[in-house]
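Please open the model in your viewer and keep the selection tool at hand. The tour goes from the whole chain to its parts, and each stop says what to select next.

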Amino acid sequence: MDDRCWVVAREALGGEYYRLRLRPAQPFAAAPGQFVMLKVADSIDPLLRRPFSIHRMHPSGEFEVLFRVAGQGTRLLSAVHVGTRVDAIAPLGSAFPLDAANPLLVGGGVGVAPLLFLTDALLERGSRPKLLLGGRSDRDILCHDDFGCLAVPYELATEDGSLGEEGLVTRLLTRGLRSAEAGVTVFSCGPARMLAAVARVCADRQVPCWVSMEAYMACGVGACLGCVIPGTNGAYLRVCKEGPVFPADAVDWETLLRDR
Ligand SMILES: Cc1cc2nc3c(=O)[nH]c(=O)nc-3n(C[C@H](O)[C@H](O)[C@H](O)COP(=O)(O)OP(=O)(O)OC[C@H]3O[C@@H](n4cnc5c(N)ncnc54)[C@H](O)[C@@H]3O)c2cc1C
Ligand code: FES
């Protein structure tokens with residue numbers, strides 16, 4: 001497999017957030033929710049590739065990732081220049097279903113990354129998604145301009161009240177579900193605690209909900225079991241293989257949060 005990719009654009013989005021556009025030597029087809037494993041450095045340190053949601057796919061075969069600098073790997077990635085080779089194994093993992101009549105997308109911080117690709121795909125199919133975005137402060141609310149350009153209605157919430165409504169995005173969700181049309185399906189990506197809260201709100205109202213999960217990953221292809229999370233059926237689920245997108249009721253949230 002030819003995993004070579006080249007950086008064709010790099011954007012600093014402010015604070016710790018960056019967006020890269022990559023051109024693969026061998027273009028691939030991907031679905032929203034799937035991810036790529038990027039080799040962030042030429043050296044053996046860090047040795048392991050890092051997982052990132054596919055943020056956007058372009059007809060040319062180029063794709064984008066949006067990320068927050070969390071540690072050594074993402075710091076190296078944030079410093080790459082246009083023209084740098086950054087190898088990628090892609091596409092990996094499961095995808096969001098696209099047949100929802102009334103999709104409601106809920107993103108927390110950099111968890112918005114796969115939701116732009118999902119929005120593109122839903123719009124292409126004639127669905128009219130709505131979006132709720134949350135973050136700690138205005139610096140953590142990303143891409144709302146991109147959604148605005150797509151004419152997707154959105155609401156914002158920040159914990160410190162610096163942008164949108166003050167409070168958690170789940171408050172917007174609770175209100176949104178009260179006034180939502182029938183047949184709403186929720187799609188969410190963000191920190192585990194936020195996803196657990198989103199899952200609870202949806203379960204209480206019997207609203208179908210899909211979540212994109214994160215975990216530490218080593219192989220990214222189902223072989224090492226390094227990325228497992230507890231499932232409701234007592235079994236463990238591999239985030240890289242059965243996920244990262246799961247029906248929210250497949251995850252044992254209580255055990256997951258207790259173990260973290
Ligand atoms: C399927 C999937 C998709 C992802 N998509 C994105 C994305 O689109 N954008 C993005 O910014 N990040 C995404 N992530 C998370 C991203 O992979 C990690 O932030 C990255 O691997 C950190 O690498 P690092 O070398 O910079 O940090 P490390 O040095 O590996 O870690 C730095 C710090 O971050 C913590 N950390 C690292 N990985 C995780 C994790 N998975 N969950 C919780 N804490 C972690 C570590 O405990 C440590 O404190 C995704 C993860 C998965 C599994
Ligand atoms: S990262 Fe190896 S099994 Fe998921």
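The radius of gyration used here is taken over C-alpha atoms, and the globule rule is 2.2 Å times the number of residues to the power 0.38. By that rule a compact globule of 260 residues would have a radius of gyration near 18 Å, and the chain, with 18 Å, agrees. This is a predicted model, in which local features need pLDDT of at least 70 and side-chain atom pairs count only at pLDDT 80 or more, while totals for chains, interfaces and linings use all residues. Residues are numbered from 1 along each chain as its sequence is written, and chains are lettered from A and ligands numbered from 1 in the order in which they are written.

**The whole chain**

A cartoon view shows 6 helices and 16 strands, which are DSSP runs numbered from the N terminus (helices H or I, at least four residues; strands E, at least two). Buried residues, those with 20 or more other C-beta atoms, placed from the backbone, within 10 Å of their own, make up 42% of the 260 residues.

**The two domains**

Next, colour residues 5-92 as domain 1 and residues 102-259 as domain 2; these bounds come from an automatic or database domain assignment. Their centres, taken over C-alpha atoms, are separated by 21 Å. The contact between them takes 21 residues from domain 1 and 18 residues from domain 2, where contact means that the C-beta atoms of two residues, placed from the backbone, lie within 7 Å. On the side of domain 1 that touches domain 2, β6 gives the largest share, 3 residues.

**The open sheet**

Now select the open sheet of 4 strands, whose order is β1-β2-β6-β5, with antiparallel pairing. β1 and β5 (56-57) stand at its edges with a single partner strand each, so one side of each is left without a neighbour in the sheet. Strands count as paired if DSSP finds at least two bridges between them.

Start with β1 (residues 5-14) and β2 (residues 17-24), which pair over 8 bridges, and find Cys5 opposite Pro24. Their hairpin has 2 residues between the strands, and Gly15 there takes a positive phi near 60 degrees. Moving on, β2 is joined to β6 by 6 bridges, and Arg21 stands opposite Glu64 in β6. Lastly, 2 bridges join β5 to β6, with Phe63 in β6 as the bridge partner of Met57.

**Ligand 1**

Where does ligand 1 lie? Domain 1 and domain 2 both give residues to the shell around ligand 1, so it lies between them. Select the 23 residues that surround ligand 1, the closest being Phe67, Gly71, Gly73, Thr74 and Ala113; a residue is near a molecule if its C-beta atom, placed from the backbone, lies within 6 Å of it. Among the elements that each supply at least two residues of this shell are β6 (63-68) and α1 (72-78).

**Helix α2**

The tour ends just after α2, at Gly126, which takes a positive phi of about 90 degrees.

Methods
A residue is buried if 20 or more other C-beta atoms lie within 10 Å of its own, exposed if 12 or fewer, and partly exposed in between; C-beta atoms are placed from the backbone.
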